[in-house]
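Here is a friendly note to read beside the structure. Take the points one by one, and look up each residue as you go.

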Amino acid sequence: EGIEESLQAQLGHFGTNISIAYTHSSLSPIEDVPTYQFPAGTGQNTFGQRLPQCAAGVTAGCFNYLPYVINLKGVQDPYAPQLTANITVQYGFPIGQAILQPRVNFSYTSKQYSNILQNNDFYEMGSRSLWNAYLDFIDGRWQTSLYGTNLSDRTYATNVTDNTVLYG
């Protein structure tokens, strides 16, 4: 659930686009096992395969996952930041029949998680603010753009898995 608003305005050669979104997400009751909390060398056979849950009274060839089970009811959905915002401003300079249009864009994304396991900071992807700039030359059916993204050279996580972190 949430709300999203956007505004577009064009006043002569000046234009702006503004958008903001608020999202409140939460998981229904669901249980999972954070395997990263297992003691080293447990829960797997010699081939690295996960062992099955032990049945009552059985202790060989299985693993007791029950002490590690957690309920994730109410945690934020993965890849669902609570707040996102974008603002773009531009101005079109007429050059004969063509237009030279510089644009500047600012975007904000609040922290989010890449996994439903959010009981520590491992899967958290922090908030980020990015600046981008564009220079468009528009002539009839043709448009040429020169652009730079992430102009403040901010390093941020775009995805976090058990073995990999992807950065922007």
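In which loop is Tyr79 found? Tyr79 is found in the loop between strand S4 (70-71) and strand S5 (83-91), and point 6 returns to this residue.

1. A word on the model. This is a predicted model, in which local features need pLDDT of at least 70, side-chain atom pairs count only at pLDDT 80 or more, and totals for chains, interfaces and linings use all residues. Residues are numbered from 1 along each chain as its sequence is written, and side-chain values use heavy atoms, with hydrogens and water left out.

2. Strands and helices. The protein chain has 13 strands and 0 helices. Helices (H or I, at least four residues) and strands (E, at least two) are DSSP runs, numbered from the N terminus.

3. Overall shape. The C-alpha trace of the protein chain spans about 85 × 35 × 30 Å along its principal axes. Its radius of gyration is 24 Å, whereas a compact globule of 168 residues would have one near 15 Å. That radius is taken over C-alpha atoms, and the globule rule is 2.2 Å times the number of residues to the power 0.38. Of the 168 residues, 27% are buried; buried means under 20% relative accessible area, exposed over 50%, and partly exposed in between (1.4 Å probe, protein chains only).

4. The salt bridge. How many salt bridges does the count give? The count comes to 1 salt bridge, where a side-chain nitrogen of Lys or Arg must be within 4 Å of a carboxyl oxygen of Asp or Glu. The partners are Asp136 and Arg103, whose side chains meet at 2.8 Å, N to O. Asp136 lies in strand S10 (residues 128-139) and Arg103 in strand S7 (residues 98-109), so the pair ties together parts that are 33 residues apart in sequence. Asp136 is buried, with a relative accessible area of 2%.

5. Arg128, a charge without a partner. Arg128 also lies in strand S10. At 16% relative accessibility, Arg128 counts as buried, yet this residue has no salt bridge. The nearest side chain of opposite charge, Glu124, is 11 Å away; here Lys and Arg count as positive and Asp and Glu as negative, while His and the chain ends are not counted. Leaving aside residues up to four places away in sequence, Arg128 touches several others, including Tyr108, Arg154 and Tyr156. A contact means heavy atoms within 4.5 Å. Arg128 and Tyr108 are 5.8 Å apart in space, C-alpha to C-alpha, and 20 residues apart in sequence.

6. Most residues other than glycine have a negative phi. Tyr79 has a positive phi, near 55 degrees, and is partly exposed, with a relative accessible area of 39%. Asn150 is not a glycine either, and its phi is positive at about 50 degrees. Is Asn150 buried or exposed? Asn150 counts as buried, at 16% relative accessibility, and is found in the loop between strand S11 (142-148) and strand S12 (157-160).

7. His24, a loop residue. His24 is found in the loop between strand S2 (14-23) and strand S3 (31-32). With a relative accessible area of 37%, His24 is partly exposed. The C-alpha atoms of His24 and Leu83 are separated by 9.0 Å, although these residues are 59 apart along the chain.
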